[in-house]
Amino acid sequence: MDEALSPVPASPKPVSWAGGFFDSDLWISFKRSKVTVIAAIITLLFFLLAIFAGLVAPQDPFDPAQLDLLNSRLPPIWQEGGQAPFVLGTDDQGRDIFSAIAYGLRISLIVGFLGVLFSAVLGIGLGLIAGYFGGVTDAVIMRIADVQLTFPAILIALLIDGVVKSVLGNQIDAWTILGVLVFSIGLSFWVQYARTVRGSVLVEKNKDYVAAARLIGLPAPVVMLRHVLPNVLGPVLVIATINLALAIITEATLSFLGSGMPPTMPSLGTLIRIGNDFLFSGEWWIVAFPGLALATLVLAINLLGDWLRDALNPRLR
Amino acid sequence: MLAFIVRRALQALGVLFAVGLIAFAMFRFAGDPVNQMVGADTPPEERLAIREQLGLNDPVVLQFARYLAGALRFDFGISYQFRQPVAQLLSERMPATLELALCATLLALVFGILMGVYSALRRDSALAKLFQAISLIGVSLPTFLIGILLIYLFAVTLGWLPSNGRGETVRLGWWTTGLLTWSGLKALIMPSITLGLFQMTLIMRLVRAEMLEVLRTDYIRFARARGLRTRAIHFGHALKNTLVPVITIAGLQLGSVIAFAIITETVFQWPGMGLLFVQAVQNVDIPIMAAYLLLVGLIFVVINLVVDILYTVVDPRLRVTLRRPA
């Protein structure tokens, strides 16, 4: 992240930072930061692994017909006793760890993306309304935001999760649980978007183009969505990137605590929860590789977010 | 000044009231309390009698008032799974959580400040870069992974420290402490590190940024010009001036530490309030969940209020700006 800040040796072509095409500035600052490029490649690899899990993974880890108990608890391939298709070893049911990670990654990323999307839409919407209309609406929304901000997101997510489950009962299928997770993560992260968008809207709404749009008689929703919104999206992008990492961590934590994805459709967090039970019997790989995958993914996304924050900030903080 | 304190206190009460409303809504409407208390074969007449007895047929406002009045006397109802008063369950587990949170905060403060000062003074040294890398990992690694890693290293592989529980505890009145026995102290080490690591990186980054800022100011330059020794400048002048925001953040974070203890306590099976809460969420034990929400809400509101008031006491400039809009 510091690489983006440090002065760079003069390049053959002088690059103008002021003016010029925005995208190319972003691209140049991206290329200059080695750490960011590596982080982007790693993130991309994880995304590809999740999307093409069915093609890359040697087995479908959740099809009982493909599991063989004879292959259970095999160590990784480079250790004594490791066997050919199971590169990262197997768990107690003969499930290939690598395949489990690929499929788990898919669940983690789906929950992460949908959670960020939900919280962003909610936060941007409420922020636009609060900033644009002001007055009592603004006061009510921001008060709720203030109160919620005093509680950590993980606590709110746990509470929502518990309440929804008690309302729906214990017999709910894995996809419903996924929906509940997205819902609780979305509800616990909207505040940051709302605050940022509201702040930007307060600045934008006094500008001439908004006055012009109002003067020609456009209804408030059109002015907000078509004219104000595009001008406040920059910071939102940064928050969304950093929040993707946070959402993935939150989902993993909920699953680890036993309030998330069930073992029948595990995310990375569930895999770590399951693997944690084998730590003491010496089968370290069952927990270590899902953990490593989660940590690497989150670190890479965080690095991308840090870089994006600096690159989109004209003052470079 | 007094008006400000009164206004802030009223706001705090408002927040607590809102939290109480949410806790009550959970307590009353999430699932049927009667279903949770009796077996499936209980006849309907008996159920109705229990409903009447619990006051579930009264107007909702009355029930809410009764819930709040109960909460003020630390009466949060009976836990579904333990069949014991929630207040008793919470108070039994509170010392464990508070000791853990306090140790973690102390650890974070001491090491965070030391590392922050060092990396501000020797910005380009290898050790400072290492600290920066550690702080990035501390922010990125989920708490429970750090805990698992520590357990694998120090409990499974090396066998130096216990992997779960509090060790032996000593009873002091109603408070149980693990600080007085050797095994209790040993059991405290890994959970404290796990819980404190995030706060430590936060404090380290803050101290570093504040130190760099302060070292650029005129009074530091003047101190140098006076020929004071470097150590006196760095620690007597610069560090002292960075400590106010640091202590504020550490204070404000104390609430989050208690909330994040949920995760650490689960990893280490630490018998505190957080573990109780997680088990309550899994078993849909609503009275415990509601009471925990109220308790954490109270802790947060009180900490925020105290910090706000202390700020106006410490910093006279704030009092002036506060008077203007009112």
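User: In this predicted model, how many of the 37 residues of H4 of chain A are buried?

Analyst: Burial here means that 20 or more other C-beta atoms lie within 10 Å of a residue's own. By that count helix H4 of chain A is mostly covered, and the number of its 37 residues that are buried is 28.

User: At what angle do helices H4 and H7 of chain A pack?

Analyst: Two packed helices are described by the angle between their axes and the distance between the axes. H4 (residues 97-133) and H7 (residues 174-204) of chain A have axes 5 Å apart, and H4(A) passes H7(A) in a right-handed crossing. Their contact has 22 nonpolar, 8 polar and 2 charged residues. The angle at which they pack is about 35 degrees.

User: Which helix of chain A do the buried residues of H6 of chain B pack against?

Analyst: In H6(B), the buried residues are B:Phe131, B:Ser135 and B:Ser140. They pack against H5 (86-121) and H8 (182-215) of chain B, together with a helix of chain A, namely H11 (285-312).

User: How many charged residues are on the side of chain B that touches chain A?

Analyst: Across this interface, 30 residues of chain B are in contact with 31 residues of chain A. The side belonging to chain B divides into 24 nonpolar and 6 polar residues, and the charged ones number none.

Technical notes. Residues are numbered from 1 along each chain as its sequence is written. Chains are lettered from A and ligands numbered from 1 in the order in which they are written. This is a predicted model: local features need pLDDT of at least 70, side-chain atom pairs count only at pLDDT 80 or more; totals for chains, interfaces and linings use all residues. Axes are lines fitted to C-alpha atoms, for helices over the stretch in contact, and angles run from 0 to 180 degrees between N-to-C directions. Helices (H or I, at least four residues) and strands (E, at least two) are DSSP runs, numbered from the N terminus. A crossing is left-handed if the near helix is turned anticlockwise from the far one by less than a right angle, and right-handed if clockwise. Ala, Val, Leu, Ile, Met, Phe, Trp, Tyr, Cys and Pro count as nonpolar, Asp, Glu, Lys and Arg as charged, and the others, Gly among them, as polar. A residue is buried if 20 or more other C-beta atoms lie within 10 Å of its own, exposed if 12 or fewer, and partly exposed in between; C-beta atoms are placed from the backbone. Two residues are in contact if their C-beta atoms, placed from the backbone, lie within 7 Å.
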